Each structure stands twice: as C-alpha cells, then as structure tokens.
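Subject: A structure for you to look through

Hi there,

Here is the structure I promised to hand over. Please open it first, and then read my notes beside it.

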Amino acid sequence: MNFTARAGGHPMLIEEFLNEALASGTIVVKNGRVERVLLDAPVAVPRSLRMLLEHRIRRLPEDERQLLAAAAMLGDTADTALLAEMLQLNISRINALAESLEQRQLLSRADAVTLAFSSPMLAEVLRERLEPDARFELH
C-alpha cells in the first residue's frame with residue numbers, strides 16, 4: 001500500500017488513493033481515529049485518476065497506444081529492442097514513438113535503451129484495460 005510511490009509523490013494523487021482506501025474498507029476510520037489498516041490489501045487506482053488516464057490514452061494515435069500497451073506488459077520499464085520485436089517495428093520507429101510519448105510526459109528515458117513510465121499508475125491502468133487476447137499476443 002505505497003500510495004506515495006504509486007502517486008509519484010503528488011499530494012493530490014495521494015489524497016485520491018487515501019479516499020479509495022477509505023471507500024474500499026482498506027482503511028477504516030471511526031470517530032476521527034484509524035481503527036483498521038489492511039497493509040497487504042490491494043488498492044485500485046482511484047476511479048477519478050483511472051478515468052483521467054484512460055482519457056489521455058484514448059486521445060493518442062493508435063501506434064502510440066500500442067507502444068504503451070506493449071511497454072506496460074513488460075513492467076514499469078521496457079527495453080526498446082524488445083518493444084521493436086514485440087510490435088514488429090524497426091528500432092527507429094520505436095524511438096520516434098517514444099520521443100512523442102516523452103513530449104506528452106507519458107514516458108521517459110531511464111537510459112539510452114530503456115523506457116520508463118512517467119507514472120506507475122499509467123502502466124497499471126494500461127495492463128488493466130488490455131483484453132486477454134491482446135495480452136497473449138503481446139506476451
């Protein structure tokens with residue numbers, strides 16, 4: 001239940017995670033006191049944040065959405081050569097798509113050949129919205 005890391009340290013996003021934890025019963029507060037905290041219970045990306053991220057994803061060109069989905073399947077970071085193989089694109093096309101997604105602040109470069117999500121929530125939302133058949137194809 002590391003809200004700070006999942007929210008990228010943004011106080012407003014941390015607050016949304018806390019509200020989700022309260023709504024789901026992961027954290028129980030009565031009379032202003034915390035009565036229960038389920039430390040190992042998963043807390044979903046809050047609906048408000050999920051909707052915002054999904055809206056941003058839907059507005060992207062198809063090839064950029066495909067790159068994000070493939071990268072999400074690999075985890076929080078992804079190797080560009082592996083992405084090129086998964087998507088059957090040449091590395092220069094992968095780099096061009098990655099550059100566009102960097103400008104949109106959805107991805108960043110961890111190093112010369114590794115892409116990282118700007119927010120762990122983005123990868124999480126992308127993995128959740130992939131159909132099982134699409135997961136199988138990308139995997």
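Let me start with V29, which counts as partly exposed because its relative accessibility is 43%. For that wording, buried means under 20% relative accessible area, exposed means over 50%, and partly exposed lies in between (1.4 Å probe, protein chains only).

Before going further, some background: this is a predicted model, where local features need pLDDT of at least 70 and side-chain atom pairs count only at pLDDT 80 or more, while totals for chains, interfaces and linings use all residues. Residues are numbered from 1 along each chain as its sequence is written, and side-chain values use heavy atoms, with hydrogens and water left out.

V29 sits in strand β1, which covers residues 27-30. Helices (H or I, at least four residues) and strands (E, at least two) are DSSP runs, numbered from the N terminus. Strand β1 pairs with β2 in the antiparallel sense, over four bridges; two strands pair if DSSP finds at least two bridges between them.

As a rule, most residues other than glycine have a negative phi, and most peptide bonds are trans. N31 belongs to the loop between β1 and β2, and this hairpin has two residues between its strands. N31 is exposed, because its relative accessible area is 82%.

Q88 has a positive phi of about 55° and is not a glycine. You will find Q88 in the loop between α5 (80-87) and α6 (91-103), and Q88 counts as exposed because its relative accessibility is 71%.

**A buried proline**

Next, go to the loop between β2 (33-37) and α3 (47-58), where P46 is found. Is P46 buried or exposed? P46 is buried, because its relative accessible area is 2%. Leaving aside neighbours within four places in sequence, P46 is in contact with E16, F17 and E20; contact here means heavy atoms within 4.5 Å. P46 and R65 are 19 residues apart in sequence, and their C-alpha atoms are 21 Å apart in space.

**Salt bridges**

How many salt bridges does the structure hold? There are six, a salt bridge being a side-chain nitrogen of Lys or Arg within 4 Å of a carboxyl oxygen of Asp or Glu. I picked out a few for you.

- E124 and R6 form a salt bridge, with their closest N and O atoms 2.5 Å apart. This pair links distant parts of the chain, since E124 is in helix α7 (residues 120-129) and R6 is in helix α1 (residues 3-6), 118 residues apart. E124 is buried at a relative accessible area of 18%, and R6 counts as buried at 17% relative accessibility.
- E64 and R104 meet through their side chains in a salt bridge of 2.9 Å, N to O. E64 lies in helix α4 and R104 in the loop between α6 and β4 (107-111), so this pair ties together parts that are 40 residues apart in sequence. Helix α4 covers residues 62-74. E64 is buried, with 6% relative accessible area, whereas R104 is partly exposed at 35%. Not counting residues up to four places away in sequence, E64 touches L97, S100, L101 and R104.
- R109 and E102 also meet in a salt bridge, at 3.4 Å, N to O. R109 is partly exposed at a relative accessible area of 29%, and E102 counts as partly exposed at 28% relative accessibility.

Enjoy exploring, and send me your questions whenever you like.

Best wishes
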